[in-house]
Amino acid sequence: MGEKLVVVGQGYVGLPLAMRAVQAGFDVVGVDVDEWRVKRLNAAESYVEDIGDDVLAAAHRSGRYLASTDYADAENFDICVITVPTPLREGVPDLRHIGSAGESVAPLLRPGATVVLESTTYPGTTEEYLRPLLEEGSGLRTPEDFLLGYSPERIDPGNARWRLENTPKIVSGIDEASLERIRGFYGRIVEEVVPVSSLQVAELCKLLENTFRHVNIALVNELSIFAQQLGIDVWEAIDAASTKPFGYMRFTPGPGVGGHCLPIDPSYLSWKVKRSLGHNFRFVELANDINDHMPEHVAHRLILALNQRCKPIRGSRVLLLGLAYKKNAGDCRESPAIEVAKILCKLGADVRAADPYVDDFLLSERIEMVEPTERELARADAVVVLTDHDCFDYELVQRTAPFVFDTRDRCRGASVERL
């Protein structure tokens with residue numbers, strides 16, 4: 001028998017970790033409260049693009065993987081990694097999922113076991129929130145009886161180049177023994193482990209990474225608005241600036257930001273600064289304001305473009321290409337494309353959408369899912385490129401559609417207007 005690993009949460013973060021751990025020789029129990037997910041996992045049916053059905057089937061054949069909704073299957077674990085969501089509720093960090101996981105894991109803790117939190121959260125969560133739950137529920141103390149640490153997830157769904165195993169992993173521990181144990185665990189999972197001095201540094205590291213992206217995307221989003229009004233091609237300017245080999249990093253505009261990270265994580269940092277220091281994190285708040293309003297800007301630009309073609313938005317047939325928050329993935333959490341679709345529906349547009357990665361049941365019943373065929377493209381009053389999946393035939397789009405509004409710079413031609 002190998003070491004027993006419990007991964008709480010079997011989504012975009014937890015499932016790849018579980019599969020990789022099976023390959024590394026761990027006996028893995030993937031706990032998830034969603035019965036639908038567990039049923040699919042135990043039937044070797046994956047709902048995460050980065051994990052194929054064949055990988056799940058191999059994990060089951062090894063006899064070292066079980067998906068379960070019952071924490072009783074997690075008994076006698078050596079290591080537990082918590083990878084549950086951390087959403088916002090009315091602008092305030094919502095740690096209910098971490099709390100529920102901590103309370104469920106605590107009675108199963110035994111001396112020498114290790115608990116690692118991977119969920120993105122504000123600095124202090126592991127020590128000030130999770131630790132007391134684990135200690136109270138187990139009667140044990142850390143670091144004397146069990147080991148505790150934090151390691152921020154760095155999963156990028158749909159990224160074929162940077163996967164879990166070859167992305168450097170930040171690790172931390174509540175003391176030196178915890179750090180070494182957690183460092184050794186992840187050393188069996190990934191190629192490079194990067195230890196830091198404290199739980200808070202690791203927690204801040206994740207928020208820094210996402211806030212950096214959030215702020216820079218907001219910069220180019222606002223720049224795209226003003227450049228269009230000035231009659232300047234912002235995409236050409238970005239391409240030209242990207243030739244600079246130092247001191248510049250390429251970011252591109254779009255219909256907003258999505259996924260769990262960018263719309264939520266920087267707000268965790270802003271909330272912590274406000275709560276602990278009494279100051280506003282102005283960069284984050286400004287970036288939130290810009291990025292949150294991009295779906296409205298996209299809808300407004302589409303309305304103006306249709307008006308110029310003597311077509312009101314109400315009753316116009318609009319085909320949206322892509323509903324996921326990023327290309328080549330099906331994750332539509334907080335997707336700006338979904339928000340654009342909702343706005344257009346409220347305005348009375350006849351909205352259709354094409355996205356081979358997104359499950360229909362996740363969408364509003366007012367959005368009809370279609371294939372981006374030549375006939376469907378030709379019948380649309382406007383085709384809006386929201387998520388630039390590589391599988392779309394952009395040459396067909398620009399040749400067939402009477403009008404294209406492209407928020408991702410994938411189309412060219414007389415009938416194309418870009419963000």
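In the predicted model, helices H7 and H11 meet through Asn221, Ser224, Ile225 and Gln228 on the H7 side and Met294, His297 and Arg301 on the H11 side. Classified by residue type, this contact comprises two nonpolar, four polar and one charged residues. Helix H7 spans residues 199-230 and helix H11 residues 294-308; their axes approach to within 11 Å and cross at roughly 25°. Since angles under 35 degrees count as roughly parallel, H7 and H11 are therefore roughly parallel to each other. The crossing of H7 past H11 is left-handed. In general, an α-helix has 3.6 residues a turn, so residues three or four places apart point the same way.

Among the H7 residues that meet H11 is Asn221. The relative accessible area of Asn221 is 0%, and this residue is therefore buried. Apart from residues up to four places away in sequence, Asn221 touches Pro253, Gly254, Ile290, Asn291 and Met294. Of these, Met294 belongs to the H11 side of the contact between the two helices.

Helix H11 also contributes to the cover of the buried residues of H12, as do strand S11 (317-321) and strand S12 (350-354). Helix H12 comprises residues 336-346, and eight of its 11 residues are buried, so H12 is largely enclosed by the rest of the structure. The buried positions are Pro336, Ala337, Ile338, Val340, Ala341, Ile343, Leu344 and Cys345. At the start of H12, the backbone nitrogen of Ala337 has a side-chain oxygen of Ser335 within 3.2 Å. Just after H12, Gly348 adopts a positive phi of about 95°.

When neighbours within four places in sequence are set aside, Gln10 is in contact with Leu15, Ala18, Gly30, Val31, Asp32, Arg37, Leu41, Tyr47 and Tyr65. Gln10 and Ile82 are separated by 72 residues in sequence, while their C-alpha atoms are 9.8 Å apart in space.

Note on methods:
Residues are numbered from 1 along each chain as its sequence is written. This is a predicted model: local features need pLDDT of at least 70, side-chain atom pairs count only at pLDDT 80 or more; totals for chains, interfaces and linings use all residues. Side-chain values use heavy atoms; hydrogens and water are left out. Axes are lines fitted to C-alpha atoms, for helices over the stretch in contact, and angles run from 0 to 180 degrees between N-to-C directions. Helices (H or I, at least four residues) and strands (E, at least two) are DSSP runs, numbered from the N terminus. Angles under 35 degrees count as roughly parallel, over 145 as roughly antiparallel, 65 to 115 as roughly perpendicular and the rest as oblique. A crossing is left-handed if the near helix is turned anticlockwise from the far one by less than a right angle, and right-handed if clockwise. Contact means heavy atoms within 4.5 Å. Ala, Val, Leu, Ile, Met, Phe, Trp, Tyr, Cys and Pro count as nonpolar, Asp, Glu, Lys and Arg as charged, and the others, Gly among them, as polar. Buried means under 20% relative accessible area, exposed over 50%, partly exposed in between (1.4 Å probe, protein chains only). A polar contact is a pair of N or O atoms within 3.5 Å; within protein, one must be able to donate a hydrogen and the other to accept it, and residues adjacent in sequence count only if both atoms are side-chain atoms.
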